[in-house]
Amino acid sequence: MIVEMRTGSPDEEVEGVVQRAKSLGFGVQLNLGTNKTVIAILGPNTGQLDTDIFAVLPGVESVTRIMKPYKLAAREFKGEDTKVAVNGVEIGGKRIAVMAGPCAIEGEKQLMAAAMVVKEAGACILRGGAYKPRTSPFSFQGLEEEGLVLLRQTKRQFDLPVVTEVVDPHEVSKVTKYADILQIGARNMQNYALLTEIGKTKCPVLLKRGLSATITEWLTAADYLLAGGNENIILCERGIRTFEDSTRFSMDIGSIAVLKRSSHLPVVVDPSHAAGHYSLVPSLAKAAIAAGADGLLIEVHPNPKEALVDGLQSLTPSDFSRLMKELKPIAEAIGRSI
Ligand code: PEP
Ligand code: MN
């Protein structure tokens, strides 16, 4: 249930609503907007609550029941777009944020080379996985902490914030020490123990869409993070499983429009995992920007032929730099920059 306070209502009135909700055994989350406060009343039985319980309280403008399963990620709770600040880079603002780099950190030389090319081409965040959730146990699983150390070293040398995946709830505090953005992979979108642990931190999060998750399930997963008090959530569309097998996953371009209408959270698109092939990545990246994505997550490898993971969908340095130039007029056409 969402309680919207009148513009400029004093703190005592807000407190009155909060105390009433708590006395009934409900949880609350506040959205302190620029001119009005919105209070989400949360709990398993809010559906049975009479809205008048709150409507009669001083300062209350309106009380709305949110019928959707997600509450805190919903536009009804927060009308303004969320902007996530990552070490001087803003995600969800006018400038489109491009995060690029190798699928997996393979070694110092590879990571440094990748960082150099992506930075030079205009990316503002370096990606690289140290923990890889692989479909097969026999595939390369990542360099783990050794990879995180290389990531930190590269980040410092190139002054680029970094995004890296965390797969285990017990490793959240360790990975947070190295990462500027914690990536939750598609396979872990519904790992509620992991979401709960990351929700306790303030670290920005890139929450990828599950392989077969609906948008509603995805936003409800985002609520786990928001409910823990972490407001720095970025959604990442990375393609979903459909009957179509000519791309690795079907990039759901419509999800961008739906998310912009239904949620206040910024949306990044990963065309690499959707495409599965380097030759398709530029078209999907351009479509994502035209459709209103706030950023891109792109796999770039200094030498894709030698990549240990996802070489087929990785762009070469020259392809990535060409793509960045081609994205510029598209961003400008919709009033944004890159
Ligand atoms: C990745 O970004 O390298 C990755 C494993 O992505 P996803 O979780 O979307 O498959
Ligand atoms: Mn990958």
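**Labels and their cut-offs**

Mentor: Start with L126. Leaving aside residues up to four places away in sequence, L126 touches A100, G101, L111, A115, V118, L151, T154, L160, P161, V162 and V163. This is a predicted model.

Trainee: What makes these residues contacts of L126?

Mentor: The cut-off is heavy atoms within 4.5 Å. The listed residues, among them A100 and V163, touch L126, so they meet that cut-off.

Trainee: Is L126 called buried or exposed, and why?

Mentor: Buried. Its relative accessibility is 0%, and buried means under 20%. L126 sits in strand β8, residues 125-127.

Trainee: How far apart are L126 and K94?

Mentor: In sequence, 32 residues; in space, 20 Å from C-alpha to C-alpha.

Trainee: Now the metal. Which atoms coordinate the manganese ion (ligand 2), and how do you know that they are donors?

Mentor: They are C103 (SG), H273 (NE2), E299 (OE) and D310 (OD), at 2.0 to 2.3 Å. Donors are N, O and S atoms within 2.8 Å of the metal, so these qualify. Water is not among the atoms, so the site may look incomplete.

Trainee: What spacing do the donors of the manganese ion (ligand 2) follow along the chain?

Mentor: C-x169-H-x25-E-x10-D. The pair H273 and D310 links distant parts of the chain, 37 residues apart. H273 is in helix α9 (residues 271-275), while D310 is in the loop between β14 (295-299) and α11 (317-333).

Trainee: Why do H273 and D310 count as buried?

Mentor: H273 has 9% relative accessibility. D310 has a relative accessible area of 18%. The limit is under 20%, so both labels hold.

Trainee: Which other residue than glycine has a positive phi, near 45°?

Mentor: N87. N87 lies in the loop between β5 (84-86) and β6 (89-91).

Trainee: Why is N87 called exposed?

Mentor: Its relative accessible area is 55%. Exposed means over 50%, so N87 passes.

Trainee: On to helix α10, residues 281-291. Which of its residues are buried?

Mentor: V281, A285, A288 and I289. They span an arc of only 95° around the axis, so they lie on the same side of α10. Their cover includes α8 (253-262), β13 (267-269), α9, β14 and α11. Just after α10, G292 takes a positive phi of about 110°.

Trainee: Last, ligand 1. What surrounds ligand 1?

Mentor: Its surroundings include C103, R127, K132, E165, K208, H273 and E299.

Trainee: What makes the approach of R127 to ligand 1 a polar contact?

Mentor: A polar side-chain atom of R127 lies 2.8 Å from an oxygen atom of ligand 1. The cut-off is a pair of N or O atoms within 3.5 Å, so the pair counts. For K208, an N or O atom of the side chain is also 2.8 Å from an oxygen atom of ligand 1. For E299, the corresponding value is 3.4 Å. The protein covers 96% of the 300 Å² of accessible area that ligand 1 has on its own.

How values were computed: Residues numbered from 1 in each chain as written. Chains lettered and ligands numbered in written order. Predicted model: local features only at pLDDT ≥ 70, side-chain atom pairs only at ≥ 80, totals over all residues. Heavy atoms only, no water. Donors = N, O, S within 2.8 Å, 3.2 Å for Na, K, Ca; no water. Helix = DSSP H or I, 4+ residues; strand = E, 2+ residues; numbered from the N terminus. Buried < 20%, exposed > 50% of the residue type's maximum accessible area, 1.4 Å probe, protein only. Arc of directions from axis to C-beta. Near = heavy atom within 4 Å. Polar contact = N/O pair within 3.5 Å; in protein donor to acceptor, adjacent residues only side chain to side chain. Areas by Shrake-Rupley, 256 points an atom, 1.4 Å probe, with all protein chains shown as cover.
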